[in-house]
Amino acid sequence: MNMKKLLLFLICFFPIAILAQTGGVNSGNNNNQNNNQNNNQNNNPSGNNPNPFGSNPYNTNPYNTNPYLDQNQQNNSNFFDRKQNNQNQNNQNNQNNQNQNNQNNQNQNNQNLNDLDRNQQKFQDLNDVKTQDEKLQELYQNDPEYLKYLLSNKQDLESKIDNANKDDSVKKRIYGADFFSNNAFDLSDRAPSAPPLDYRLGPGDELIVSLWNAGELQKNYTISKDGSVFPQLVGKIYVQGLTLDEATKVIAAKFRKVVPSNTSVDVQLGRTRTIRVTIVGEVKKQGTYTMSAFNTALNALFKAGGVTPVGNLRRISIIREGRIVDEIDLYKYLEKNTQSAEVYLEDNDFIRVGVFEKKVNADGEFKRPMFYQLKDDEGLHDLIELAGGPNFNARNSLIHIKTVVNEEEKYIDLDGKKFIDANSDADLVLKDGDVVTIRPINQGLKNIVRVDGAVNYPDDYEIKPGENLVKLLERAGGVASNAYLPRAYVFRGSNTLESDAIKVDINDANAINSLELFSGDKVKVLSQKDFEQQYAIEVIGNVRKPGKILYYKNLKLKDALLLCGGLRLDAENGRIEISNIVDSVNNYNIKSSGANIKIVSINSNLQLDESSDDIVLKPLDRVYVRKKTEFLTQDKVVVLGEVQYPGEYVLIDKNEKLSSLIKRSGGLKSTAFAEGTKLLRSKVGPVVIDLPAALRKDGSKYDIILTDSDVVIVPPANDIVGVRGEVQQIVNIKYDNDNNSVAYYIGAAGGYGERPWRSRINVKYLNGRIRKTRNFLFFHFYPVVKPGSVVTVPKKIERENKAKFSDIFTYSLSAITTLATLLVLSKSLK
């Protein structure tokens, strides 16, 4: 009998024990996951996350299979499907065996390409990883403050890059290199209608000769190849190489020999000749150009785009008939404006621009630090002159030259004063690539003394050798009237840890006369105000400007009230409370025996009041001005909606109730829905009320007392019921007077959803009140639905560790089978 009871106990208890141990299927899975996590932590003893990107890339299996499961467990397909797949696999293996040799050869040839692809794939994977900035941009892409922060950073970065590029461009600029690009001198093609005054006539130019008064004639003459014009009756006149003014004088003299003496003669330039000029060398656009003869070599170079970065700006050659007729030095043009000495071009002239001879960098404290092109015979003196000389803060006593000597870079230090002086003959021929540097002097004044504190003019002053404290104080305007004379300080030294604080009594004439000052000293004269502590008196309550005021000696209560704007009309002048804590105070001591409270009565008109003028206040006093008790403020409330006279109402007294307000507003309209009335209270929010109950019995617990700023809203009748939550379809349905049950309206929504929590269904009424479902055992008692209500069906929370009935049945059947086997074996052994 005992054996049967034991077996029955084991049959019932064993499945429960197994389920308790495993925790259900879901629990087992969770345990497996926890074990995997523990194993990962054991493999990574440092505790750091081995994945730097915050997520595990191996959680997602792209093939939707588990390589660590048995094939039979993994593949749940039909047996015949598996058999067909195996057959297909065998055929595929045979085909692979036949092509194995060809593939081996191809794999051998493509081995390097595969390695390259794998490496490229690695880089692509790394490139796909978002940086922290990209994550922030994606997360806060709609945040205006973050976008403003990004924009400011971008602008700062762009500004730094622009400044860096600008600095680099300034450092690398060559003086005169932008002569043709900025067109500051208007080097465009000159118009033939306005000949320059220094223009020389030549073959092809046309002259217009006009005669009037005694004789009248106007005729055009073109200068021939020999440089002459041939008027009839006058003869040949040579004008080549003459300016227009010179040619006018010569032609007029010739004509006056054959015309009356009072005849006027005038010569104008008609059509001008055009020339062809060839430009070669270091220019941006080499070639032959056709232009007016008015143009000079600079105009022609401008037409050719200017010189290249290596073009020689110091020697621009003009070649005519195989010989150099002129050389242009742009630096002289820029420095001395030698535009009047320009040579006009002739037909078939050549302009040649060679490579610069040497380029030297003027760095540091020059007025115009940049690169300069120098001629072979020019040196340091010429460079200093071209760079505008040194700055005001340049260290002229030393010039550094970085140069190359015997294929080695070296520094050469020179006495700069010899080369900077314009009258000096000292010079040093520089080499191509030399860097000439002038350093700045050390900043900071060396001969000053600082005077601070109670003097009439605190400032920095020049210190002269042997000067004492008396003379310095005289230059500072003397000590102030509130100066603390027994002690002043002279701080001497380079830093606070090593400096000396020299103490001196200004009243002692010998001490201040014998104290010699040195450069860098700091004199501090103390003031009597340095030892004064300011106190305040605070006026609180019904004054026009309550707050703190500074305490002054013999300050009276009347003074404090006047400084605060006087009493307000609602102030209680018969009860002014003064809180005092200080008995006596001076610059060195304060005494207090505890707080003392004094209540005084004054006249509301301070001009006529005498009692407040007799009360002396002390430091740290506090004056309280109370409000009159009989002075009441007007508390107001607002009633809106379905009442006869909606609007703002002033409360009759502090205890006026809801029902009184409704009656004062004319009562409810016929369209009012009293049960949905809401009350909004300042600093509290919505308050649930029951207006019908309040109206049925005045003064009941439902008749709530109103306060200032309350808002009462009486809605119109609402016959719509809303159904929300875990239902088939969220609906708004008209209220049915014959059906006020929750089940009816849930049915109108299509019934329950997948996981409804029936025991927690609630109904929210228009007045804000929410009623929940009452439960007893397996029975649910739902709230009554009223017009305007909202029925909410919550979603039931799914328990992760809850075991399924099929799992319980499987484990129980297994346990019963095991126990039955044990029972049969035990009987057979007997």
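Start by selecting glycine 453, which stands opposite valine 525 in strand E20. Before going on, note that this is a predicted model, where local features need pLDDT of at least 70, side-chain atom pairs count only at pLDDT 80 or more, and totals for chains, interfaces and linings use all residues. Residues are numbered from 1 along each chain as its sequence is written, and side-chain values use heavy atoms, with hydrogens and water left out.

Now widen the selection to E16 (residues 448-453) and E20 (residues 522-527), a parallel pair with 4 bridges. Strands here are DSSP E runs of at least two residues, helices are H or I runs of at least four, and both are numbered from the N terminus; pairing takes at least two DSSP bridges. A hairpin of 5 residues links E16 and E17, and valine 451 has aspartate 459 as its bridge partner.

Next, jump to alanine 511 in helix H15 (residues 509-514). Then try a C-alpha to C-alpha distance to valine 470, 41 residues away in sequence: 9.5 Å.

Last stop: leucine 777, in the loop between E37 (774-776) and E38 (779-781). Leucine 777 counts as exposed because its relative accessibility is 67%.

Terms used. Buried means under 20% relative accessible area, exposed over 50%, partly exposed in between (1.4 Å probe, protein chains only).
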